Amino acid sequence: MRTENILFFATVAAALPLLFRIGRELLRGNWSTDLIAAVSICSAIYMQQYPVAWIVMLMLTGGAWLESYAVKRSSRALTALAKRVPTIAHRLTDGQSEEVALDAVAIGDTLLVHPHEICPADGVVQKGRGTMDESFLTGEPYQVEKAPGVEVISGARNGNSLLEISVSRKPEDSRYARIMQVLADTELRRPRVRRLGDQIGAWYSPLALLAALAAWGLSGDANRFLAVIVVATPCPLLIAIPVALIGSIAKAARQGIIIRDPAVLELTPQVRNFLFDKTGTLTHGEPKLTQVLTVPELNADQALILIASLERYSKHPLAAPLLAAAAERNLPLEEVEHLEELPGQGLRAVVQGRRYAITSRKHAALPASFAPLPPGHLEAILTRDSQAIASFQFRDVPRPGTRSFLAHLAQHHGSTRVVLVTGDQLAAAQELAQQVGIAEVRAAQSPEEKVAFVRELTATAPTLYLGDGINDAPALAAATVGVAFGKSNVAPAEAAGAVILEPSLRKVDELLHLAIRLRRILLESVLGGLALSVAGMVLAAFGYLPALYGALLQEAIDVLSVVNALRTSLGSDPNDYTGD
């Protein structure tokens with residue numbers, strides 16, 4: 001077989017997969033920058049300029065590989081949610097516990113929910129008392145007390161007690177299953193965004209083709225068409241963009257920000273609507289002691305010593321913030337005697353010969369000086385010899401610097417609409433919004449309602465949603481840019497385009513500045529590279545640059561563009577946010 005035939009078949013065999021991929025995109029109406037590369041390859045093969053075809057294919061496959069390396073999109077969101085639901089349940093049959101598959105659970109079955117286990121189905125507590133963490137499903141920031149007659153929801157994590165529940169809904173009809181369905185629907189309906197390469201390629205590709213055809217038509221020399229189209233191959237778009245993205249992704253990782261979808265970095269500078277979840281996002285997601293009310297003969301420190309002395313032996317959700325407050329003030333704790341904790345009756349003990357108890361407002365007669373409990377607060381009442389002597393009030397407090405961060409968004413990042421979107425109740429949401437300076441509040445929102453609102457705003461301008469709970473996962477997937485706080489909840493991390501490992505608003509600002517710097521460097525690399533390509537096209541059109549030299553020139557332009565793109569992984573980003 002002749003050498004020319006071998007080169008022909010080898011080149012065609014190498015080109016066909018690329019050409020088929022580009023052809024599929026064209027049939028979908030996507031006139032991307034790859035079109036110029038496809039025309040270059042076909043023209044070079046037709047004119048037997050095989051080295052030119054191989055150089056273009058090398059540039060094209062190199063850019064595609066870099067892009068696939070950079071783009072590791074969140075395609076496992078549903079799998080992550082499914083992993084949280086247990087695959088088995090502990091069903092009571094004739095007084096004996098047996099493990100059954102989740103799909104075998106029926107309405108009316110009695111299940112045991114072991115300590116620290118994920119509740120497998122919606123139901124009602126029949127026996128046992130304890131708490132469950134529902135914050136990632138409902139948006140409510142606190143552990144929820146569970147007792148006979150109280151509802152439990154699937155996906156909630158049980159506390160330290162064994163609970164016996166009666167199933168009220170099949171697992172596939174539960175609230176958790178509905179969230180999964182909303183997320184599945186959101187993934188299917190996720191809008192396709194036009195990234196920078198697509199935007200520039202939409203006008204560059206047709207102009208380059210026209211220029212090549214004009215050079216051929218005016219000169220009558222088909223070699224000029226090939227030379228122009230080869231120089232026009234937009235390699236700064238094909239290679240510089242993924243290189244810049246990889247550099248920014250690496251830099252973000254060093255700063256504790258995991259970029260799961262590189263499109264986030266390109267789209268973030270365009271965001272104008274900022275939506276924030278409440279619990280665990282703008283707040284810490286756990287109760288903090290905010291106020292201590294006491295009778296006249298007792299001061300706040302004395303009361304805190306007494307209640308912390310009792311609570312250090314308790315697993316109650318408010319024990320931790322009370323002990324933390326006592327430790328922060330370096331208060332010495334007292335020894336206690338005859339400690340007992342009866343379900344539904346609080347904690348009791350003897351301290352220095354007197355009986356103390358920790359209970360709730362509804363089980364104690366309060367002095368008139370104790371003000372009503374503000375909205376969104378929790379409370380623990382300390383009694384001595386059955387008389388209320390102190391009220392300890394808690395709430396989920398905002399993160400430091402939240403107000404200054406939101407003001408910073410308007411001043412430096414062009415925010416036009418900032419909204420608090422939460423599953424928490426209206427009173428608590430409005431209280432937080434007033435503290436941090438948010439004018440618009442959407443409270444008591446289900447995952448479905450959050451998604452609908454995100455879509456509504458995204459239709460007006462690019463939207464960023466910041467959340468941390470499972471009930472935020474569908475909204476994170478629906479937003480133009482979804483950012484999740486922390487890595488403890490897998491589902492929101494999988495649904496988001498970026499994950500901030502350290503829950504900090506300063507890190508959010510670092511992400512915004514990193515994206516702005518990336519866009520600036522991208523424009524420098526791409527527009528500068530294309531400008532040099534246009535100059536080469538002019539030389540090729542007038543016959544001063546043969547196709548092979550044009551391909552080599554394009555390689556040199558690539559090197560310059562890539563070197564500039566590598567700056568994204570170096571240096572520091574301007575950060576003028578001083579809060580947090």
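## Strands and helices in a predicted model

Biologist: How many bridges join strand E1 to strand E2?
Modeller: Strand E1 (residues 88–93) and strand E2 (residues 96–101) run antiparallel. Two strands pair if DSSP finds at least two bridges between them; strands (E, at least two residues) and helices (H or I, at least four) are DSSP runs, numbered from the N terminus. The number of bridges joining E1 to E2 is six.

Biologist: At what pLDDT do side-chain atom pairs count?
Modeller: pLDDT is the predictor's confidence in each residue, from 0 to 100. Residues are numbered from 1 along each chain as its sequence is written, and side-chain values use heavy atoms, with hydrogens and water left out. This is a predicted model, in which totals for chains, interfaces and linings use all residues, local features need pLDDT of at least 70, and side-chain atom pairs count only at pLDDT 80 or more.

Biologist: Which residue in the turn of the E1 and E2 hairpin has a positive phi?
Modeller: E1 and E2 form a hairpin with two residues between them. A positive phi of about 55° belongs to a residue in that turn, aspartate 94.

Biologist: Which residue stands opposite histidine 90 in E3?
Modeller: Histidine 90 has glutamate 99 as its bridge partner in E2. E1 also pairs with strand E3 (residues 110–113), in the antiparallel sense over two bridges. In E3, the residue opposite histidine 90 is leucine 112.

Biologist: Are H12 and H13 parallel or oblique to each other?
Modeller: Helix H12 (residues 300–311) and helix H13 (residues 319–328) pack at an angle of about 130°, with their axes 9 Å apart. Axes are lines fitted to C-alpha atoms, for helices over the stretch in contact, and angles run from 0 to 180 degrees between N-to-C directions. Angles under 35 degrees count as roughly parallel, over 145 as roughly antiparallel, 65 to 115 as roughly perpendicular and the rest as oblique. H12 and H13 are therefore oblique.

Biologist: How many charged residues are in the contact of H12 with H13?
Modeller: Contact means heavy atoms within 4.5 Å, and Leu304, Ile307, Ala308 and Glu311 in H12 meet Ala319, Leu322, Leu323, Ala325 and Ala326 in H13. Ala, Val, Leu, Ile, Met, Phe, Trp, Tyr, Cys and Pro count as nonpolar, Asp, Glu, Lys and Arg as charged, and the others, Gly among them, as polar. Eight residues of this contact are nonpolar, none polar, and the number charged is one.

Biologist: In which helix is confidence lowest?
Modeller: The protein averages a pLDDT of 78, and 76% of the residues score at least 70. Confidence is highest in strand E11 (residues 273–276), at 94. Over residues 70–81 the pLDDT is below 50, though this stretch has 35 contacts beyond near neighbours in sequence. With a mean of 48 over residues 77–84, the lowest is helix H4.
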